[in-house]
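Student: I would like a close look at one part of this model, the place where the chains meet. Please keep it brisk.

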Amino acid sequence: MGLLQRALDEAGLCTLSITQSLEITAIIMPSRALYVGHPFGLTFGAIGDRETQRAVLAAMLDAAATMTHRGIRDSGFEWDRDDLRYRQLRKERR
Amino acid sequence: MQDGRGANFAQIERNHVRTRVYAPFDWHPFDRFSPYTPLRVPLADARVAFITTAGVHLADQPSFDTGADAGDPSWRAIPVETSLSDLVLSHGGYDTRRANEDKNVVLPLEHLRDLRDGGRIGSLSLEVYSFMGYIADTDRLLDVEGPAVAARLIADQVDLVLLAPT
């Protein structure tokens, strides 16, 4: 994702991405990213949770319009429904 | 910001890919941010594009190659009015069963159209774009596929590109 964003940035496009891994984004360094602490595969929120899905998308738009410098913004979205993200980050299967 | 209660996911992912999938893999590090182009119009006037790496595609488009050790840097263009029920997922890097139940969790196409119809954004690009996020050999992505999608977005006069991983 970050490498693709870099290619679009190099082409002069205005971009804003979600990052779900601060460590990877710190390596790839795309122009602007919004950190969302949701599990992989549930980027915008839980199944059927349209309110959160819309809120994450709105946060992307807000960041795109108001981040005037390169870097990462914390959206404040975290995942406390279960340990799915915790297990994903450690490559644990169950 | 704290990522995953202390887990260094970049290191864990690197080791996982190298030992189980693609031995030559390593991150492609950079020492500076890529160029930043500001949004030059208000959101209410902006033409917005969306790119997912969730491995989404139309049922009649070729599946992504989830069996290739080095990944698959190809992409699919999906008309922006497509019904989510016409989309399928092929991705080896995450459990697609959840996203199959509600594709808005990786490609919030219904919400994007609502934002457009409600005037929050000006318009949507003709197509949204989808990649399959496992791309361990990155040269073709950086040199060919990424610039090709960029050219299409520029031709579509897009003001803002939103990108979401899985």
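What is the mean pLDDT of chain B, and what share of its residues reach 70 or more?

Tutor: The mean pLDDT of chain B is 92, and 96% of its residues reach 70 or more; pLDDT is the predictor's confidence in each residue, from 0 to 100. This is a predicted model: local features need pLDDT of at least 70, side-chain atom pairs count only at pLDDT 80 or more, and totals for chains, interfaces and linings use all residues. Residues are numbered from 1 along each chain as its sequence is written, while chains are lettered from A and ligands numbered from 1 in the order in which they are written. For the complex, the predictor gives an ipTM of 0.97 and a pTM of 0.95.

Now the interface. Chain A places 52 residues in contact with 57 residues of chain B (contact: C-beta atoms, placed from the backbone, within 7 Å). Helix H1 (2-10), strand E1 (15-19) and helix H2 (22-28) of chain A are among the elements that each supply at least two residues to the side touching chain B. Helices (H or I, at least four residues) and strands (E, at least two) are DSSP runs, numbered from the N terminus. H1(A) gives the most to that side of chain A, with eight residues.

E1(A) and strand E7 (residues 160-164) of chain B run parallel, joined by three bridges; strands pair if DSSP finds at least two bridges between them. A:Leu16 has B:Leu162 in E7(B) as its bridge partner.

Look at the loop between helix H4 (139-155) and E7 of chain B: B:Gln157 sits there. B:Gln157 has a positive phi of about 60 degrees, although it is not a glycine.

Conventions
Two residues are in contact if their C-beta atoms, placed from the backbone, lie within 7 Å.
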